[in-house]
Amino acid sequence: MTDVHTPEQRSYNMSRITGRDTKPEMLVRRVLHAAGFRYRLHVKDLPGKPDLVFPRARLVVFVHGCFWHMHRCKYGKPVPATNSDFWSQKRAGNAARDKSHRAALCAAGWKVAEIWECQTRDPSKLEAKVGEVMETLRASASERP
Ligand SMILES: [Zn+2]
């Protein structure tokens, strides 16, 4: 056992982190965890049951699927040909709930970050979005890793 992190392994790890088949939320969690941040998951007593919660920084992060939460991107737009009323109502309901959860959290003094599935598919966008979250966390000294 000499060097546990050869460059080849590092790029392998990175490709695992940004692998296309991985769930968007897991991608976000892995990047934050690897940077040393710790969080609570799916906190039920907060509006919308945020995916990641940083209590001391009073920051929550939602990782939204583009289709189900109607992101304004190419993944958020398509509507299934059958039962389109049912699905579009369901998606509109999700989007409306997201908005009211955001408002309730902000009113309670929480900062709310949203990361979209399409942003997690692009390694540079993922890095940029998670970077914003890390900056907010680092600004709160108590959450510093
Ligand atoms: Zn999207």
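I looked up burial: of the 145 residues of the protein chain, 23% count as buried (20 or more other C-beta atoms within 10 Å of a residue's own, with C-beta atoms placed from the backbone). The model is predicted; local features need pLDDT of at least 70, side-chain atom pairs count only at pLDDT 80 or more, and totals for chains, interfaces and linings use all residues. Residues are numbered from 1 along each chain as its sequence is written.

I then listed the secondary structure, which comes to 5 helices and 4 strands (DSSP runs numbered from the N terminus: helices are H or I with at least four residues, strands are E with at least two). From the N terminus, the order is α-α-β-β-β-α-β-α-α.

I checked Leu59 for contacts (C-beta atoms, placed from the backbone, within 7 Å). Leaving aside neighbours within four places in sequence, Leu59 touches Phe54, Trp110, Lys111, Ala113, Thr136 and Leu137.

Last, I turned to H2, where Pro24, Glu25, Leu27, Val28, Val31 and Leu32 are buried. Down the axis of H2, these residues fall within an arc of 165 degrees (taken from the directions from the helix axis to the C-beta atoms), so they line one face of the helix. After H2 comes Gly36, with a positive phi near 100 degrees.

Methods
Contact = placed C-beta atoms within 7 Å. Buried ≥ 20, exposed ≤ 12 C-beta atoms within 10 Å, placed from the backbone.
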